[in-house]
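Please examine the sequence and the structure before working through each solution.

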Amino acid sequence: MTHAPLDALTPDDLRHADSYKWTKYPEGVLPLWVADMDFPVAPGITRALTERLSRGLGYHQLHGDAPLMARLHAKLRGQGLTDLPDEGWVHFLPGVVPGLYAAVRALTSAGDDVITMTPIYPPFLSAITDQGRTVREAPLQVTADGWRIDWAALDAAVTPATRLLMLCNPHNPTGRVWTADELTRLADFAAQHRLWVVTDELHADLTLDGTFTPFAAVRDDLRERTITLTGPCKAYNTAGLGIGAAVSHNPALIARLARAGQGLMGHPSALSVTMWRAALEEDGTWLAGVLAYLRGNRDFVADFLRERLPQVHFHAPEATYLAWLDLRATGHGAGIAEHLLAYGLALNDGATFGAAYAGYARLNFATSRAILTEALTRLERALT
Ligand SMILES: Cc1ncc(COP(=O)(O)O)c(C=O)c1O
């Protein structure tokens, strides 16, 4: 893929009536918020969907799609999830967020505590609080080298009622790709406190620097206590065709999660199965082109902020297309998102990622360089 088609995207191309990203805010606002990319899907996916449509849209067979399972098994093995069993290792879901909710329901009881490291993708918090469990926040710490796990904060957050650790790897919103050392220490922490672990690894294919390590690959006994959530929608930009999967070395955990969602999840749609299969059949060229473009945009954001808005604190993400901006030194706090909207820019308000993050904002840079440039120019205008 060359960069020309991505560079050529304009707001007029992107604003269509069915796009949540582009219709939530008035025309004229640049929407760099929800985590969709502005890029078209891979041609191989479009071809597969067109072919599938030519064969009608009855129920997709319900006993699990063998080619999809075989390809997913192989892909996860390639990423380091070796020794997954042949049976009972996967349960398909209508998306990863339903998996977060079902895992909380399956692995904890009302009144239990659940620990997670903030700032965090907001459905982590709602999956806990909506279901009558209590969030124990362990804030990350920011160092000169970027966001790091605060081990003392984890120790302080865990209680005798804590049953579950919810991990985001790579991490939304900071873009950290947790290292094998960090994950091993987290596994030690989970073992010490007898915690279950749910690790949302939806952004793994969007690793820009360094090496992604699955949490369940770092310590053999902990993988028996871990559910990994994954799906195609971030790397392949297919969120409108919801599908995801819960995976574990421990089939009993998968059965528990399936029971927790029984009757509520529906079954994966024919088009979503076709789409994921096609994504897994891709040879990597399309994704490599997207990652190259994202790296360029990430570096462009970093350069722009360093030169024009040095008061904005920012550590370049190692994965994802999300930039987590600390705007507090510009004099802003609660209400930052509304302030930016008045300047024609829609970002996610930091406060939704944890109460302590008022004055932060999350910017989605998966758009054309021209739109990104205009968005950053509006940010500068809004903050100076
Ligand atoms: C970490 C993470 N998990 C889950 C989701 C949503 O997944 P789904 O649309 O499959 O429910 C997102 C979307 O941005 C995400 O960033």
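**Exercise 1.** Identify which residues line the second largest cavity, and describe this lining by element and class.

*Solution.* Step one: the lining consists of Leu76, Gln79, Leu81, Glu201, Ala204, Phe212, Pro214, Thr228 and Thr230. A cavity is a set of points on a 1 Å grid over the protein atoms alone where a 1.4 Å probe fits but cannot get out, and lining residues have an atom within 4 Å of a point. Step two: H5 and strand E9 (226-230) each give two or more residues to this lining. Step three: by class, five are nonpolar, three polar and one charged.

The model is predicted: local features need pLDDT of at least 70, side-chain atom pairs count only at pLDDT 80 or more, and totals for chains, interfaces and linings use all residues. Residues are numbered from 1 along each chain as its sequence is written, and side-chain values use heavy atoms, without hydrogens or water.

**Exercise 2.** State which element gives the largest share of the lining of the largest cavity.

*Solution.* Step one: the largest cavity holds about 100 Å³ of space. Step two: 14 residues line it, and Lys75, Asp205, Thr230, Gly231 and Pro232 are the closest to its centre. Step three: H5 supplies the largest share, four residues.

**Exercise 3.** Determine which ligand atoms lie 2.8 Å from a polar side-chain atom of asparagine 172.

*Solution.* Step two: the protein buries 88% of the 400 Å² that the ligand exposes when taken alone (Shrake-Rupley method, 1.4 Å probe).

Conventions: Polar contact = N/O pair within 3.5 Å; in protein donor to acceptor, adjacent residues only side chain to side chain. 1 Å grid on protein atoms, 1.4 Å probe; cavity = no way out; pocket = protein on both sides within 12 Å on 5 of 7 lines; lining within 4 Å. Points joined across faces, edges and corners; volume = space filled by probe spheres on them. Nonpolar A, V, L, I, M, F, W, Y, C, P; charged D, E, K, R; others polar.
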